[in-house]
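Hi everyone, thanks for coming. Let's have a look at the structure together, and please keep it in view while I talk.

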Amino acid sequence: MNNIYYDYEKLTESDVPDFSVAKVKPLTPSELFAKAHKAGMQAGNDITPTPMTVVGGGRSYFVGEGVCGFASIVIKPARGKFVQWLKANKNTYKHYYGGIAIFVGEFGQSLTRKEAYASAFVKVLASAGLNAHVDSRMD
């Protein structure tokens, strides 16, 4: 740990670091959602899924977007201004294990892209003090 020592006899006000909390205007629920969605879209577009080939019935299919699946962002506990705004303005549902979930509808069937979106979305929510996690499954 770095210790800062001062010669108090020669100390002036400009020598003392300002430890006051910066006054930052909190984001509105719509601004927070927009910020999280933007981060999610960036993450989903930036990731490269591992392609796969599905073989069956004497035919093979190339799937460039990788495995198919679903992803959601789960906020638990489901209370507060952001959750109330989500319920009123976005397509949400009650998660099986409690909380509220936001379905990731972007990126077609690509599980890799949906999970990247949801992970980035969750990071933004966590930075705003919300408890959230990713829920996903392969189809």
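In what order do the 4 strands of the open sheet come? One thing to say before we trace them: this is a predicted model. Now, going across the sheet, you meet β4, then β5, then β3 and then β6, and the pairing is antiparallel. The edge strands, β4 (92-94) and β6 (132-138), each pair on one side only. If you ignore direction, neighbouring strands here are turned by 30° against each other on average.

Let's zoom in on one pair. Strand β3, residues 69-75, runs antiparallel to β6, and 7 bridges join the two. To find one of them on your screen, go to Val74: its bridge partner in β6 is His133.

Next, find the helix α3. This helix packs on the sheet, where it touches β3, β5 and β6. The direction of α3 makes about 10° with that of β3.

How much space lies in the largest pocket? The value is about 150 Å³. Three elements each supply at least two residues of its lining: α1 (29-46), β5 (100-103) and α3 (111-127).

Which kinds of residues line the largest pocket? By class, there are 7 nonpolar, 3 polar and 2 charged residues. Among the lining residues you can pick out Phe33, His37, Ile73, Lys90, Phe103, Glu106, Tyr117 and Phe121.

How values were computed. Residues are numbered from 1 along each chain as its sequence is written. This is a predicted model: local features need pLDDT of at least 70, side-chain atom pairs count only at pLDDT 80 or more; totals for chains, interfaces and linings use all residues. Side-chain values use heavy atoms; hydrogens and water are left out. On a 1 Å grid over the protein atoms alone, a cavity is a set of points where a 1.4 Å probe fits but cannot get out, and a pocket is an open set with protein on both sides within 12 Å along at least five of seven lines; lining residues have an atom within 4 Å of a point. Grid points are joined across faces, edges and corners, and a volume is the space filled by probe spheres set on the points. Ala, Val, Leu, Ile, Met, Phe, Trp, Tyr, Cys and Pro count as nonpolar, Asp, Glu, Lys and Arg as charged, and the others, Gly among them, as polar. Two strands pair if DSSP finds at least two bridges between them. Axes are lines fitted to C-alpha atoms, for helices over the stretch in contact, and angles run from 0 to 180 degrees between N-to-C directions. Contact means heavy atoms within 4.5 Å.
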